[in-house]
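Have it open while you go through them.

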Amino acid sequence: MSPADGLVLQDLTLFHGTDVLAHLDLAVRPGAVLTVMAPSGAGKSTLLRALIGALPAGFHATGRILLNGRDVTALPTAARRIGLLFQDDLLFPHLSVGQNLLFGLAPGGTRNQRRERIEQALAAAGLAGFATRDPATLSGGQRARVALLRALLANPEALLLDEPFARLDASLRAQIRQATFDATRHLPVILVTHDAADAAAAGGPVLSLFGQQVSP
Amino acid sequence: MVSALPWLALTMFALPMLAGLVVGFAPALDGGFAALAEWRGLSRAVALSAGTGLAATVVSLGLTALIVAMLHDRPGFAPLRRMLSPLLAVPHAAAALGLAFLLAPSGWIARLLSPWATGWRQPPDLMTLNDPMGLALTLGLVAKEMPFLLLMALAALPACAPAPRLLLGSALGHGRLSAFAVGVWPALYARLRLPVMAVLAYGMTTVEMAMILGPGLPPTLSVQIADWLSDASLRHLPVASAAAILQLSLVLAAMLLWRGGEGLGRALLRGHIARGARATGTDAMATRAAQGLGFGLAGVLALSLAGLALWSVAGDWQFPAALPRGLTLQPWTRALPALTDSLWLTTAIALGATGVALAVVLASLQFEQGWGQSPGRWAERTLYLPLLLPQIAVMPGLQVIALRLGVEGTPLAVMAVHLLFVLPYVFLSLAPAFRGWDHRHGLTAATLGASPARIFWRLRLPILLGPVLTAAALGVAVSAGQYLPTLMVGGGRVGTLTVEAVALSSGGNRRLIGAFAISQLALPALAFALALAVPRWVFANRRALLAEAER
């Protein structure tokens with residue numbers, strides 16, 4: 001593993017007007033999960049928006065973001081290859097499960113190859129035969145798994161998780177959480193949460209928005 | 001460049017409106033005011049315009065308030081509510097023609113009551129239509145504008161949290177009407193003010209409804225202006241221009257008067273509160289009045305439209321008979337050649353204007369967000385300009401501009417003018433849904449590598465199919481219903497269904513009028529039906545979007 005591998009935040013500072021919301025200077029190696037813990041409204045989601053290059057009006061960020069040696073700081077969201085999962089699954093409501101995955105699947109391959117790839121991915125996730133289903137007819141856990149699949153099929157080089165387990169039932173939560181971390185073993189992952197159990201399950205360092213160690 | 005798009009769109013229609021005003025008012029200096037002062041019908045025409053417009057607005061608003069206060073949460077209200085949107089799609093001219101068929105001395109009401117109740121065997125010599133006081137005109141305006149205000153009120157109502165406020169009011173011992181007046185109405189009215197002003201401006205200056213239902217000698221001021229302008233030699237342009245300035249001042253004065261009336265209303269409400277009145281005794285009567293007037297008005301409109309349809313297929317139908325002796329398609333087959341031409345022309349102009357409006361509105365909304373460029377509140381208020389400015393005040397100028405450019409009388413020029421009136425409606429209809437789209441869908445797609453164009457075409461537009469089609473249907477309805485702009489810029493030679501139907505109205509061939517009015521009605525009705533049906537069909541297997549389409 002070269003030192004450039006993974007997601008590197010160099011002196012990344014997030015501002016709202018002139019207020020500093022976050023300051024991070026760190027690296028997340030492939031396979032590692034960094035958890036950022038802060039109370040609601042502190043700017044966790046905005047930090048992730050800075051990482052994908054889609055800050056809302058009124059916010060700005062300084063510093064550099066490197067991904068596997070590439071400087072992505074000035075790139076548009078679509079060119080960064082950083083995936084993002086929200087609290088809600090945000091499956092596109094007008095597309096079938098399969099079409100949702102095809103929308104995410106990285107370009108390349110014939111129509112049949114792409115369809116086959118989707119079928120395989122669904123089968124591997126225990127959702128065989130779900131391609132033609134309307135997302136609205138799936139259970140919460142199934143939807144969460146489809147959303148994760150869609151993010152991974154785009155072949156991201158890093159994955160950001162914006163409290164993606166918060167809306168799930170307690171019984172499902174541990175299961176989906178485990179499935180998510182299992183599927184992202186090859187990627188640098190940043191999880192933001194205010195939930196101590198999520199932070200503990202992630203198994204990596206737990207930091208505040210200013211990079212201090214937090215005990216979950 | 002791209003970021004300037006919303007501003008470009010704004011200028012695109014604000015400029016012609018203002019140019020229309022300036023150009024149209026210049027000829028007045030050429031002896032227009034003196035000629036206007038000499039016209040003997042002036043004071044009566046002014047009184048008619050102001051009187052019918054103000055009366056129609058007061059009655060429409062009062063009835064809207066009464067219905068919302070007493071009925072909005074009753075189970076029987078849902079069907080009434082569903083009837084509102086289709087009613088709005090009925091063009092003013094068609095509604096007026098239907099009402100004329102109903103009210104005329106030889107109309108349906110007289111027939112239903114004769115001879116058993118009235119003893120009439122001939123149409124009576126009564127001024128039930130075109131009455132000198134403008135009562136028929138006022139009724140027509142109320143029948144057409146009350147549904148509009150009611151729909152606007154129902155759209156704004158949830159933001160005013162009526163349920164807890166009414167509950168609180170009744171817990172404090174208020175009657176329902178009193179609780180509504182104190183707790184809900186002030187917030188609701190604040191949201192209704194602009195539509196109310198639009199109704200006032202339209203009511204005072206309508207041309208087609210006043211031609212069909214209003215008095216003749218003198219007519220309302222706007223009908224007289226249209227009459228002067230229709231003189232091909234432009235001999236009357238100065239006096240028409242002076243009258244248009246007067247008409248605009250009248251509307252502005254009426255709006256000021258209305259604001260004064262709002263102060264009076266506030267004072268009355270304060271008095272009611274200060275006295276500690278609970279008004280529990282008025283509820284039963286208010287409910288009955290709301291039901292009676294609401295359903296009565298809906299019934300009048302329904303009968304009007306049914307009358308149009310029946311006349312268009314009526315065989316022999318002598319006076320006191322309540323129904324025709326037989327039905328025939330002859331009126332339709334006779335009208336068909338002229339009707340088909342007119343229908344295609346109307347459709348082409350409506351689709352053209354709506355298509356351009358939709359493209360401009362979608363582009364503006366898309367880039368306002370993509371670039372964080374949001375025209376301010378004042379800029380958005382400019383959008384209301386075509387709704388608040390009386391058409392009759394803008395038209396002389398636009399007609400002169402069209403003449404100078406040598407495009408007067410061409411369908412394309414008519415389409416361009418329709419665009420001015422279609423654009424704001426399309427924008428106002430589409431903006432809330434477009435801006436309300438969950439942006440995280442777009443963000444998610446971008447993190448999957450999708451370009452902004454792909455996000456727009458593959459995600460945002462398809463998800464917003466329902467609102468887009470509804471906005472388009474509204475655009476088609478607005479364009480198809482335009483009378484004055486079509487007549488003026490078309491120089492009377494662009495014979496859309498509305499222009500033809502109104503032109504026929506003075507002739508008295510009820511079968512032909514019926515056929516044209518029904519066709520005029522059919523186009524917007526078809527557009528709205530498609531806007532309802534297509535999303536249900538496309539999203540038949542998409543439960544989340546189907547629920548939205550059926551809401």
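1. M197(B) counts as buried because its relative accessibility is 8% (buried is under 20%, exposed over 50%, partly exposed in between, with a 1.4 Å probe and protein chains only). Bear in mind that this is a predicted model: local features need pLDDT of at least 70 and side-chain atom pairs 80 or more, while totals for chains, interfaces and linings use all residues. Residues are numbered from 1 along each chain as written, chains are lettered from A and ligands numbered from 1 in written order, and side-chain values use heavy atoms, without hydrogens or water.

2. What does M197(B) touch? Leaving out residues up to four places away in sequence, the list is M255(B), W258(B), R259(B), E262(B) and L388(B), with contact meaning heavy atoms within 4.5 Å.

3. On to the domains of chain B: domain 1 covers 1–30 + 331–551 and domain 2 covers 38–321, with bounds from an automatic or database assignment. Their C-alpha centres lie 25 Å apart.

4. Between these two domains of chain B, about 3400 Å² is buried, 77% of it from carbon and sulfur atoms (accessible area, 1.4 Å probe, lost on putting the two parts together, summed over both). On the domain 1 side, I392(B), R510(B) and R511(B) lose the most area, together 21% of what that side buries.

5. How many salt bridges cross the interface of domain 1 and domain 2 of chain B? The rule finds zero, taking a side-chain nitrogen of Lys or Arg within 4 Å of a carboxyl oxygen of Asp or Glu.
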